[in-house]
Amino acid sequence: MFKEITKLTPQHFELLLDADPSQNIVEDYAKRGNAFEAIKVNKLVGIVVLLPTRPETIEIVNIAVHQDFQNQGIGQDILKFAIQTAKKQNYVTLEIGTGSTSFGQLYLYQKLNFRITGIDPDFFIRHYDEEIIENGLILKDMLRLQQDL
């Protein structure tokens, strides 16, 4: 079901941009990280990008599930895959950041034992040219979460 991606296709980028609307930011971390696709019945259903950030620490910098396959447990499966991959690669800490208005994602991450470790105030205002509206709110702050492996 999971396969490392050696060359990102337009279909991969479409998914990545669903989770992160900045083409420049996505292209930057995509070329520095390791991307994996989730395939179900020969269809691309999800993607995750893992990026080493510090010794013994790796970050999930993007995780996305195709709109047609959301709410079917695929996001949870991708997160479990990312956790296992980080463990196999002997990382000690797995990090992830998400918007303060990303209520569903926050629930899922905490359900899988990620703990909130900090807030990056105005992250989305500083790094994105256009305002992001999520769940009817202007997205401003990034919440940082981590899991000890």
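Student: Is Ala 38 buried or exposed?

Tutor: Buried means under 20% relative accessible area, exposed over 50%, and partly exposed lies in between, with a 1.4 Å probe and protein chains only. Ala 38 has 1% relative accessibility, so it counts as buried.

Student: What should I know about the model first?

Tutor: It is a predicted model: local features need pLDDT of at least 70, side-chain atom pairs count only at pLDDT 80 or more, and totals for chains, interfaces and linings use all residues. Residues are numbered from 1 along each chain as its sequence is written, and side-chain values use heavy atoms, with hydrogens and water left out.

Student: Where is Ala 38 found?

Tutor: Helices (H or I, at least four residues) and strands (E, at least two) are DSSP runs, numbered from the N terminus. Ala 38 sits in strand E2, residues 34–40.

Student: Which residues is Ala 38 in contact with, leaving aside neighbours within four places in sequence?

Tutor: Contact means heavy atoms within 4.5 Å. For Ala 38 the list is Met 1, Phe 2, Lys 43, Leu 44, Val 45, Gly 46 and Ile 78.

Student: Now Ile 96. Where is Ile 96 found?

Tutor: In strand E5, residues 93–99. Ile 96 is buried too, with a relative accessible area of 1%. Not counting residues up to four places away in sequence, Ile 96 touches Ile 60, Ile 63, Leu 79 and Phe 114, among others. Glu 59 is also one of its contacts. The C-alpha atoms of Ile 96 and Glu 59 are separated by 5.5 Å, though they are 37 residues apart along the chain.

Student: How many aromatic pairs does a search of the whole structure find?

Tutor: Rings of Phe, Tyr and Trp (its six-membered ring) pair if their centres lie within 6.5 Å. Planes under 30 degrees apart count as stacked, over 60 as edge-to-face, and the rest as tilted. The search finds 6 pairs. Phe 2, Phe 36 and Phe 81 form one cluster. Phe 2 is also in contact with Ala 38.

Student: How many helices and strands does the protein have?

Tutor: There are 5 helices and 9 strands. Along the sequence they run β-α-α-β-β-β-α-β-α-β-α-β-β-β.

Student: What radius of gyration does the protein have?

Tutor: The radius is taken over C-alpha atoms, and the globule rule is 2.2 Å times the number of residues to the power 0.38. For 149 residues, a compact globule would come near 15 Å; the protein has 15 Å, which agrees. The C-alpha trace spans about 35 × 30 × 30 Å along its principal axes. Buried residues make up 45% of the 149.
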